[in-house]
Every structure is written in C-alpha cells, then in structure tokens.
Amino acid sequence: MRRHRTAYLLAAPSVVLLAGVFAGAMLTLLEYSFHQYLPDGTDIAHTTATWQTFLTGGYHWQIVGETVVLGLITTVAAAVVGYPTAYALHRVRQSRWRYVGLFIIFAPLLTSVVSRTYGWELILGDSGVLNSLLEPVGLGPVELLYERSSVVIALVHILLPFMVFPITQSLGQLDPAFGEAAGDLGAGAFRRFVKVTLPLTTPGLIGGAQLVFALSISSFATPSLLGGGRVNVLATEIYDNVNNVDWPLAAVSSYALLALAVVALGVFGWLQRRTGRAEQGGVTAAGAASSGARGWSVWLAIVYVYVLLPLVIIVINSFSSVSYGTWPPPGLSAKWYANLFEQEGLGAATLLSLEVAIAATILAMVIGTAVAVSLVRHRMPGRGPLQSFVLSPTVVPKVAFGFAGFIYLHRLNLFGGVAGLVVTHTVIVLPFVVIVVTAALMRADATLDAAAKDLGAAPLRAFRLATLPQIRPALIAAALFAFVVSFDEVDMTVFLLSPDQNTLPVWMFVYMQKFQDPTLAALSTLLIVAALAIAATVAVLLARSGVFSSLTTSPEEPVAKVKEGSSA
Amino acid sequence: MTGAGSSSGPDAELRGIRKVYDNGARGVEQVDFTVAKGEFFSMLGPSGCGKSTTLRILAGLEEPTSGEVLIRGEPMRGRPAHRRPTNMVFQRLALFPHLTVADNIAFGPRLRRRPARQVAEIVGSMLDLVDLAGYGKRYPAQLSGGQQQRVAIARALANEPAVLLLDEPLGALDLRLRVQMQQALKRIQHDSGTTFVYVTHDQVEALTMSDRMAVMNEGRIEQIGPPAELYRSPATTFTATFLGDTNLFEGTYEGGLLESEGIGVKVTGPGRAVSVRPEHVAVGRGLTCANRYHGRLEDVIFQGASTRYHVRLASGVLVISERREEAGSTLTVGDEVETGWDVDAGVVLNH
Ligand SMILES: Nc1ncnc2c1ncn2[C@@H]1O[C@H](COP(=O)(O)OP(=O)(O)OP(=O)(O)O)[C@@H](O)[C@H]1O
Ligand SMILES: [Mg+2]
C-alpha cells in the first residue's frame with residue numbers, strides 16, 4: 001500500500017504509543033484480574049476466583065450501586081443547573097457579555113480538582129461558610145461534609161462546564177432571531193420552548209449528560225477527599241485495594257468500572273440516536289422571547305456565584321490567621337504563604353509537574369496533530385478503527401488506567417522514572433489534542449494546502465505554510481488544554497509515583513488528606529493567579545493571531561474597507 | 001524551468017488517463033490529448049464529468065490509476081505537484097488569507113529560493129501583468145472578486161510554469177466581470193506566451209477563447225478540435241447537443257433517408273442521427289429546400305440580432321429555427337407554416 005504510506009507514517013507514532021503504553025497496560029491489568037492473592041501472600045495465576053469473589057459478594061455490588069447512584073445524581077443535578085445556564089447564556093445579547101459568562105463558567109477548569117474540592121470543604125465544613133450563614137437564622141448547623149451530598153455538590157461544580165458546553169453548541173445552531181420572535185410572549189414562548197428549543201437541544205443535553213456521567217463515575221479525588229471514607233465508589237475502592245495490596249481485586253474493580261463506562265457510553269449513544277431520529281422535523285427558527293429577561297439574569301448571577309464562590313473562599317482563606325477553616329476568618333495574616341515555602345518537596349513536585357506537563361503536551365501535540373492530519377486528509381483503509389483506537393483512552397476511567405500503568409511500568413522496569421509519567425500523561429491528553437485538531441482541520445481549506453504544493457512546497461512545508469496558519473488558534477487551545485489536564489492530573493498519577501516522587505496535585509491531595517490548614521489555600525491562590533495570567537495571555541495571543549483566520553477568499557465578497565499597509 | 005526542452009514537441013500530453021478514487025468514485029474513464037506550446041486549450045463538459053480530476057492529474061495533485069502524463073516530453077509518473085513545471089489557478093482560488101497580495105505572488109519564487117531582489121521584480125511585473133500595480137500590500141479579503149481572480153493568476157504565473165492550469169477561474173464572477181476577465185486572460189496568455197489548459201462548463205467561454213478544445217462527458221473525451229470545427233462538425237450527439245442549440249433527429253437510415261419520429265429526413269450518408277443547427281433551418285411559406293415539413297408556429301422569440309421560431313410539426317416534433325433577416329417578421333404565432341433545410345445542412349452522427 002505505497003499509496004497510503006504517508007497516512008500510515010503519520011498515524012504510526014500515536015499507534016505505537018497507544019499500543020505500547022495504553023493497550024499494553026490495560027492487557028496487563030486484564031491478566032492481573034485472573035490472579036488471586038491468598039491471605040498468606042501466595043499469588044495464584046490463571047484463576048477466576050477474584051472475579052467470583054467480586055461478582056458474588058454483596059459488598060461489591062453495593063459499591064457498584066453507589067457509583068451509579070452518585071453518577072446519576074450528579075448528572076441530573078448538573079443538567080438541572082447546566083441547561084438553564086446554557087439557555088440564559090444563549091439569550092445574552094451582547095456577545096461580549098456572553099464571552100464573559102462562558103469564561104466564568106469555564107474558569108474553574110483552569111484550577112486543580114484538589115483546589116476546587118478544598119474550596120468546597122471550606123464552604124461545607126462544620127464551621128464553614130454555609131453554616132456560618134445558616135446558624136444565625138436558626139437553620140443550622142447542617143452536616144454536609146463527608147456525605148454523598150457534599151461529593152455531589154463539588155462534582156456538579158467541577159463538571160458543570162462539560163454539561164454547559166455541548167448544550168451551548170446545540171443552542172448556537174438555533175436561529176438567533178431574537179427580535180423577530182419578541183412579540184410572541186407568555187404561553188406562546190413556553191410552548192415554543194417545549195416544542196422547538198427543547199427537542200432541538202436534546203442532543204446537546206444528552207452529550208453533556210454523557211460526559212458528566214462518565215467523568216463522575218470515574219472521579220476519584222473528590223469522593224476520596226470529601227467523602228471522608230463514607231462514600232465508597234469503585235474509584236476509591238480501587239485505590240483502597242491497591243493500598244491493601246490486593247492487586248487482583250483492584251484489577252477486577254478497574255474492569256468493573258470500565259464495563260460501567262462502556263455500558264454508559266452505549267446507553268447514551270442509543271439515546272442520542274433515538275432523539276436524533278425524532279428530531280428531524282425541519283424546524284429552524286426558535287428565537288427566545290425577551291420576556292422574563294430579569295429572571296434569567298438573576299439565574300446567571302446565582303450560577304456565577306456558585307461557580308466562583310469556592311475560588312473566592314480559597315483566596316480569602318489563604319490570608320486567614322487561624323489554622324482551621326472557620327468562617328469568617330478571625331484575622332488576617334500571610335503566614336500560610338510563609339509556611340508554604342517551607343514545605344519540603346514542594347519545589348521538586350512543582351518542577352516534576354511542569355516537566356511532565358510540558359513534555360506530555362509537546363509529545364501529544366506532535367503525534368496528535370500528525371494522526372489528525374492522517375485522519376482528515378487521507379482516506380486509507382483502516383481509518384475508522386484507527387480513529388476509535390486513538391480516542392479509546394477517553395472511555396477508560398483514569399483510576400483504572402493509572403493502576404494498570406502502575407503494574408505495567410513495574411513490569412517494564414520503568415516505574416519511578418519521568419519517562420513513565422510522560423508517556424502515560426501523553427496517552428491521557430492525546431485524544432483531546434486529536435479531537436480539537438481534527439475539528440480544526442476539517443474546517444481548514446484543503447485547497448490551500450494543494451495550492452502551496454502546486455507552487456512548489458514539499459508536503460511538510462505546505463502544511464507549515466498553508467495549513468498551520470489556519471489551525472493555529474486550535475493548536476494553541478489544544479496545547480493549553482493538554483497542559484492543564486496533565487498539570488492537574490491526580491486520579492491516574494497517584495498510582496504512578498514512587499515514594500520519592502511527587503507532582504504538585506498529588507502533593508496537594510496527600511496534604512489535604514492529612515491537614516486542614518490554609519497552606520493549601522495559599523498554594524491554590526498562587527495557582528489560580530498563575531492560571532488566570534496564562535489564560536489572559538493566551539486570549540490576547542489568540543485575538544492577535546485570529547485576526548486573519550476569519551478572512552476568507554470568497555470571490556463574492558464585496559470590496560472591504562482598506563487600510564493600506566495596516567498589520568503588514 | 002521554462003528554458004528546459006523548448007523543442008517543438010507538445011507542452012503537455014495525456015495518454016490513456018484513468019482515475020478511480022479511493023472511495024470507488026470514477027474520476028475519469030479515459031482521457032487522451034496533447035497541448036501544443038503556447039496553445040489555449042479548453043476542456044468543456046457538464047458538472048462531474050472529470051474536468052477538475054484531469055487538471056489535478058496534470059498538476060500532480062492526484063495520481064492517475066493508469067495512464068501517463070508528459071510535460072514537455074518528460075514523463076511525470078511519481079513526480080509530486082511541488083516538483084512539476086505546472087501551476088494551477090484553483091476553482092476556489094485558494095489565495096492564502098494570511099498573506100498579502102505581494103506575499104501570495106512571491107510564494108512560489110521564494111520556495112524556489114530566488115534572491116529577494118529578483119522576487120520583488122517578479123512580484124512587480126506580475127502585478128503589472130494583471131493590472132494590479134499598487135495592490136501588493138492588501139490582503140485577499142480586501143479585494144473584489146475580479147481582483148482576487150487576477151491575484152490567483154499572477155501567483156500561478158510567477159513560477160513561470162510550462163503549463164498553466166485553470167479550473168473554472170471565472171465561474172464565481174458575474175457576467176459582466178466574466179467577459180472583462182475573459183479578455184484580460186487572453187491578453188495575459190498572449191503577453192506571457194504560456195500554454196493554458198483551461199477548464200470551464202461555459203460553452204461560450206470555451207468557444208470564444210480557445211485555440212482548440214475538448215468536449216468531455218462522463219469521464220471521456222467526446223471530441224477535440226478548434227471551436228469552429230466542433231461547432232460545425234460535431235462527431236457525436238453529445239457534442240452536437242452540448243455545444244450550442246441543435247435540432248437532433250435520431251432514427252434509422254435507409255436509402256438516403258433517416259426515419260425519425262414520424263418524419264423522414266434526407267441526409268448525406270448513413271448514420272444514427274442527424275443534427276441541424278437552428279440557423280440553417282428556414283421558416284416561411286413556399287420553401288424550396290430538400291427537407292420541407294408543414295407545421296404550426298408555436299412561438300416567436302425576439303433576441304435582438306436574430307429571432308427564434310418554434311415550429312410544431314404534425315408528428316409532434318418541435319423544430320427550432322433561428323433567422324437573422326426579417327423574412328419571418330410577417331409570421332405570427334398560430335400560423336400554419338413550412339420549415340426546412342438543405343441536405344448538407346444536416347450533420348450525420350454515428351455515436
Ligand atoms: N476527492 C475525490 N474523492 C472521490 N471522488 C471524487 C473526488 N473528486 C472528484 N470526485 C468524483 O469524480 C467525478 C469527477 O469529478 P470532477 O471534480 O473532476 O468533476 P468536474 O468535471 O470538475 O465537475 P465540476 O464542473 O462540477 O467542477 C465526480 O463524480 C466526483 O464526484
Ligand atoms: Mg471541477
């Protein structure tokens with residue numbers, strides 16, 4: 001197949017990485033699930049005993065149940081909060097305010113899961129913000145912490161962007177004929193919503209629900225930290241089994257969690273197809289009426305507070321004068337910042353996190369862009385399976401892959417090094433890079449690439465000169481996203497560090513398990529400031545580089561106002 | 001590259017080109033033609049007949065499934081686009097939106113590592129050639145459609161290609177601009193002396209601009225020749241009907257007569273069909289030509305320099321006549337009339 005050599009060469013690095021690291025680890029894990037550890041420490045291979053223990057033990061089914069319940073409640077709550085939020089954002093007329101709103105909703109993604117979880121601990125704790133508000137009016141104190149409810153509240157907060165984004169996308173496809181429909185008020189508006197807007201946005205809603213459910217059943221740090229040992233889900237169970245050195249049971253639990261994720265994927269996919277068929281009614285216009293505009297603004301304000309509150313509380317608490325999370329802080333001091341810089345191993349952890357995140361980002365960008373080009377610009381045999389394979393890591397819960405990597409890297413004698421961390425992190429961020437770059441490439445004009453080749457550019461140079469400028473904003477976004485995901489990764493990384501290694505989020509995770517003092521608030525505040533600075537820089541960069549990406553060469557276009565020599 | 005092989009042989013030659021795309025779609029079935037040096041050669045055909053495919057194969061942007069491409073006598077097999085002495089003006093222009101007009105034009109020369117001064121000279125002379133001096137610093141989006149078109153042509157010519165390939169370059173322009181650009185293109189071709197292979201599905205464009213043209217249909221060449229020859233002596237029913245209007249009578253031949261849909265048409269020789277151009281069809285009363293039929297005048301369409309008459313014969317067949325003179329001006333719709341033509345006005349077709 002000489003003809004398709006380029007296509008396969010472009011795909012090869014990703015395939016090698018995924019086969020060598022991801023598939024290798026998952027197969028090792030599968031093999032391990034057919035082991036059994038006896039109480040005296042003997043290791044028996046080729047047995048289904050551990051599977052039998054898992055499948056027949058009522059305790060394990062209870063955990064599976066709790067995982068599903070937690071996932072369902074979180075998903076429903078995220079939908080109840082996220083749908084009206086997306087709708088309200090869609091109604092915001094000034095695009096500037098819409099972008100501000102979207103930025104607020106998405107801003108928490110830039111901060112570590114551990115930070116956000118910590119923020120909720122400060123709010124929901126016995127003497128936290130919530131109880132300090134409820135008690136004076138005689139409603140408290142309520143005990144929310146170390147219960148399922150606190151885990152749900154924090155998970156909804158953490159996963160809200162994943163619900164809002166797909167719904168915003170599908171709302172964006174509706175005809176934004178605001179003014180036109182403004183005369184149609186009251187019952188008419190409601191009926192139109194039920195008959196038109198809701199059905200047309202159902203795919204977005206299901207897409208969001210799919211993401212939130214998948215991410216919540218596999219979330220580890222939040223239930224582990226806020227559940228206080230009382231919220232036992234599969235993810236925490238795997239971690240406990242590993243700590244108790246029952247690796248076969250951890251392997252079985254991992255596959256149970258994976259099975260759950262796959263079933264969920266199937267169910268949501270089925271739902272998506274069903275509504276997709278029902279939706280082909282051919283309605284296009286669905287303007288939002290201007291009625292109740294104030295109500296929507298109030299709703300948005302409440303959501304913004306909910307989204308930003310944990311971050312604000314963290315910042316305030318970092319200046320607290322006392323070591324416990326009481327509200328309001330009795331006095332102000334900077335001692336937690338001083339304390340922070342005295343922490344042992346924090347510098348090394350930060351350095352390792354940066355090192356791994358930068359290496360994984362670069363690696364994933366290079367091989368991910370290559371495989372995206374192969375998928376979009378070539379029609380070689382095996383394209384479909386290749387795409388599924390490249391995206392498959394998204395289906396596997398990170399805890400499961402983390403534990404699999406733990407065993408696998410041990411076998412390869414790579415455990416405890418930086419290389420193992422970099423390749424596993426690359427596996428995790430690769431699908432995101434591929435998704436973002438693929439979408440950008442599909443929008444990019446392939447004839448520009450052909451034109452560059454025609455004018456004498458060899459394929460690689462044609463890509464650099466003609467295609468790259470078109471997809472640059474997407475590449476920046478993908479790189480930023482990959483960096484953030486890798487830099488904040490906890491669920492997988494906890495399994496992959498040797499005792500003398502630490503990454504920043506894992507350091508925070510471990511610290512939060514042991515201590516409650518605002519040192520973590522000080523660190524989180526610094527991270528929030530850094531994230532905001534990076535986000536602002538990137539936004540400015542994107543605005544600068546994106547200026548000409550929107551200009552097309554459609555010949556029908558009228559002569560534009562010309563500023564000679566501008567931006568040359 | 002222009003200096004190489006400036007012998008008297010053809011600039012471009014396609015031999016037995018066939019292209020099946022990876023998804024099984026048939027791009028072209030069988031294409032053969034040669035283009036002489038300095039010639040303006042057009043490919044004309046309906047949408048999807050394989051014009052762009054043929055051009056992309058010439059450019060090296062697509063590998064033919066079988067067959068051979070020669071440029072200036074040199075086989076191009078396995079030679080990718082960026083190493084061929086051809087350049088293309090794309091159906092959708094494909095100007096680089098992030099580069100200025102000057103940088104777009106300089107794109108090719110810079111890739112060929114021409115020194116900066118020479119690049120500036122080329123850009124200057126190309127802008128002059130396409131009448132866009134002073135527009136170098138603009139971005140493509142700041143130009144009108146016709147201007148963008150000329151930039152695309154200048155960019156392709158800046159590499160001094162042996163053959164310039166143009167894929168419906170005027171397709172997106174309105175009629176007035178299109179006529180202007182047709183003249184500009186002819187002038188540019190004349191001034192640069194470059195061989196043009198020009199794709200269009202506008203027959204007027206092909207007829208007026210080409211030295212020679214090929215009519216394509218369903219991935220095959222129907223006929224090649226100078227425009228007048230193709231118009232006057234079409235070899236196939238497809239060419240006859242696709243180029244201009246015609247009265248086509250299909251039927252069976254017997255003894256100098258073609259029996260078609262209830263009428264007999266005297267023809268010059270055996271064949272499957274006969275094509276009679278409307279301008280060779282007379283209409284009126286007391287005609288003397290060899291083929292004469294009675295019918296009813298169904299429509300009279302005044303077209304300025306000429307007038308068209310639609311005559312419905314008793315058999316139901318519609319005959320169209322186009323006359324320059326005022327002879328028929330006394331006729332009105334509904335009149336019983338005669339219509340007819342001489343035997344040698346009919347072109348006998350066998351395919
Ligand atoms: N990249 C491709 N992959 C698969 N099939 C293709 C591709 N490009 C063209 N085809 C198919 O090949 C046939 C010829 O297409 P081509 O673009 O050469 O037609 P064309 O004569 O240029 O038409 P038009 O006048 O509409 O531009 C069509 O049936 C088309 O669908
Ligand atoms: Mg075409």
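By contact I mean heavy atoms within 4.5 Å. I'm working from a predicted model, where local features need pLDDT of at least 70, side-chain atom pairs count only at pLDDT 80 or more, and totals for chains, interfaces and linings use all residues. Residues are numbered from 1 along each chain as its sequence is written, chains are lettered from A and ligands numbered from 1 in the order written, and side-chain values use heavy atoms, with hydrogens and water left out.

**Entry: Thr246(B)**
I found Thr246(B) in the loop between helix H8 (237-242) and strand E11 (247-250) of chain B; helices (H or I, at least four residues) and strands (E, at least two) are DSSP runs, numbered from the N terminus. Leaving out residues up to four places away in sequence, Thr246(B) touches Ala240(B), Thr241(B), Ser275(B), Val276(B), Arg277(B) and Pro278(B). Is Thr246(B) buried or exposed? I noted 18% relative accessible area, so Thr246(B) is buried (buried is under 20%, exposed over 50%, partly exposed in between; 1.4 Å probe, protein chains only).

**Entry: magnesium**
I looked up the protein donors of the magnesium ion (ligand 2): Ser52(B) (OG) and Gln91(B) (OE1), 1.8 to 2.7 Å from it. Donors are N, O and S atoms within 2.8 Å of the metal (3.2 Å for Na, K and Ca), and water is not among the atoms, so sites may look incomplete. Ser52(B) is partly exposed at 21%, and Gln91(B) is partly exposed at 41%.

**Entry: Ile362(A)**
I placed Ile362(A) in helix H15 (residues 346-377) of chain A. Ile362(A) is exposed, with 52% relative accessible area.
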